[in-house]
Amino acid sequence: MTIAEKALELVVDGSVVGLGTGHAASDFVRLLGQHVRGGLDVRGIATSRATEALAREVGVPLLGLGDVDAIDATFDGADAVDPELNLIKGLGGALLREKIVASYSRRLIILVGKEKLTDRLGRGYCKRLPVEVVPFALPLVRRRLLEMGLGAELRSREGQPVPTDNGNYTVDIDLSTLEEDPRGLGERVRAIPGVVETGLFIGMAGTVLVQLGDGTVEVLTRGG
């Protein structure tokens, strides 16, 4: 069984689901589309333009945040998961919309491979903390991060900043040598004028589905 197949078992007929961004989330959206074409009644809210395009392609009907009071469950990926199910997200470039959709959701269900599990955020597979920044404020933000002793790199392609779906930029903070708890760091970074959001998702995920190497799926639950 794949994590996408396991996630589909958690989809309730007639519900509104948040559709995440990235490889694992895309596999789920494709599988969801197959079942929608087979009669499953769900509506989706996409976390990125790429996911929106994929959902339309596979036939998942879409809504906007203004169309609903809440999202029943969001299915998304993550770049790192610690033992308390805290996350780092945003290497795919959609952290702000992902966090907004997650905050509207009654349940946040995360789909990852076992390599994404870590004993502490900032170690292991993901050693970066993505931060979304207003372009006008980029010089100030980079200066403040430097004053905080943090290594940070502007995400770019062919020498040009890569814009998010919101027209902002992403700065990746190097966590590989950081001794401070990333949660405390996140609060200090968010206090910098011009920082829109960070990729720290603390206390938001209730369930994490982990794809194991033997083809099975482990289900982790908060407090479980």
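Below are my entries on salt bridges and on one helix.

**Entry: ground rules.** I am looking at a predicted model, where local features need pLDDT of at least 70, side-chain atom pairs count only at pLDDT 80 or more, and totals for chains, interfaces and linings use all residues. I number residues from 1 along each chain as its sequence is written, and side-chain values use heavy atoms, with hydrogens and water left out.

**Entry: salt bridges.** I looked up how many salt bridges there are, and the structure holds 11. The term stands for a side-chain nitrogen of Lys or Arg within 4 Å of a carboxyl oxygen of Asp or Glu.

**Entry: Arg106 and Asp72.** I found these two side chains joined in a salt bridge, at 2.8 Å from N to O. Arg106 sits in the loop between helix 4 (95-103) and strand 6 (108-113), and Asp72 in the loop between helix 3 (49-58) and strand 3 (73-76), so the bridge ties together parts 34 residues apart in sequence. I take helices (H or I, at least four residues) and strands (E, at least two) from DSSP runs, numbered from the N terminus. Next I checked accessibility, where buried means under 20% relative accessible area, exposed over 50%, and partly exposed in between (1.4 Å probe, protein chains only). Arg106 is exposed at 60%, while Asp72 is partly exposed at 29%.

**Entry: Arg123 and Asp119.** Here the closest N and O atoms of the salt bridge are 3.6 Å apart. Arg123 is partly exposed at 39%, and Asp119 is exposed at 57%.

**Entry: Arg128 and Asp172.** This salt bridge spans 3.3 Å from N to O. Arg128 belongs to strand 7 (residues 128-133) and Asp172 to strand 11 (residues 169-174), so the pair links parts that are 44 residues apart in sequence. I noted Arg128 as partly exposed at 38% and Asp172 as buried at 6%. I also noted a network: salt bridges with shared partners join Asp76, Lys89 and Glu98.

**Entry: helix 2.** After helix 2 comes Gly39, with a positive phi near 120°.
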